[in-house]
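Me: I am new to this structure and would like a close look at a single part of it. Please take me through that part slowly, in one connected answer.

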Amino acid sequence: MTQRQIEVATSDGIASAHLFGDAGATAGVILYMDAFGPRAALFGMAERLADEGYAVLVPDLFYRFGTYGPFDAATAFSTPETATQLRSMIGGTTQAMTAEDTGFFLAALRQAGATGPIAVVGYCMGGSRALTAAGTYPDDIVAAASFHGGNLASEAPDSPHLLADRMRARVYVGTAGVDGSFSPEQSNRFVDAFRRAEVDFALENYVGMTHGWCVPDHSVYEVNGAERHWRRLTALLAETLKAG
C-alpha cells in the first residue's frame, strides 16, 4: 500500500492532501477530517480503508490558513489559545468552500486512477461536509457516511439536510448517544427531510459514545464503538463501491 502527499489546486490556492492506496484501485474515497486537521490518526484510518482496496484521499480543509498545528486532539479544545484558533478556522471554512473544493478533490482522485465509483466519509466537522458533498455532486458520489458529525440538520441556510432531495448516494449517519452538536431535535428534522426526499439512508445511535469516539487520538476514543463504526463503514463501501 502506497502513501504520498500531493497538492490539489483549487480556486483559492493549493490544498495539501495525502493519497493512500495501491496502484490499480479504481474505487475512491474522500475522507474529510475532523476539527484537528490531517495527522497520523487520520492517516492510519485512511490506510485501513486503503487496505480494503480503495484509493483514499485525505485533504486539508484548512489550507486557506497556511501553516498551522499540529494540534493535540486530546487537549486542543481545553487549551484557550488553541481552542480560539480552532474555532476561528472552523468558522472560516464554510460548507460552500468545502463543497467547491470537493470538485477539485474528485478530479485529483480521478487523476490518481480512481475512475470508478466514489464515496465520502467524514468525522466531526467532516461529517457535514461529506453529506454536503453528496448533495452537491450527486452524479459522482454513490455513498456518504458521517460519524459524530455536527449540525447535520440545523436551522442554518447551508445545513446538509436541505440538500436531501438532490442526493442519490446511500447515506449512513452514526451519531453519539448524547451530542450537543446533533440534538434529538436535529435528528428528527434530519429523518423527516431524508424520508421525504426518499433517500436510501440509515441513522444509528451509538448509545454510550461521546462526540469523537471513532478517532484513535481523541480523548473520548472508545475501541468497541470504533470497531462497530468500522463494520458499518466497510459494509457500506463494499455494497456501493465494490458492487458497482
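Reply: Ser 128 lies in helix H4, which covers residues 125-136, where helices are DSSP runs of H or I with at least four residues and strands are runs of E with at least two, numbered from the N terminus. This is a predicted model, in which local features need pLDDT of at least 70 and side-chain atom pairs count only at pLDDT 80 or more, while totals for chains, interfaces and linings use all residues. Residues are numbered from 1 along each chain as its sequence is written, and side-chain values use heavy atoms, with hydrogens and water left out.

Ser 128 counts as buried because its relative accessibility is 4%; buried means under 20% relative accessible area, exposed over 50%, and partly exposed in between, with a 1.4 Å probe and protein chains only. The side chain of Ser 128 reaches the backbone oxygen of Met 125 at 3.0 Å. Leaving aside residues up to four places away in sequence, Ser 128 touches Gln 95, Ser 146, Gly 150, Leu 152 and Pro 160, a contact being heavy atoms within 4.5 Å.

Technical notes
Polar contact = N/O pair within 3.5 Å; in protein donor to acceptor, adjacent residues only side chain to side chain.
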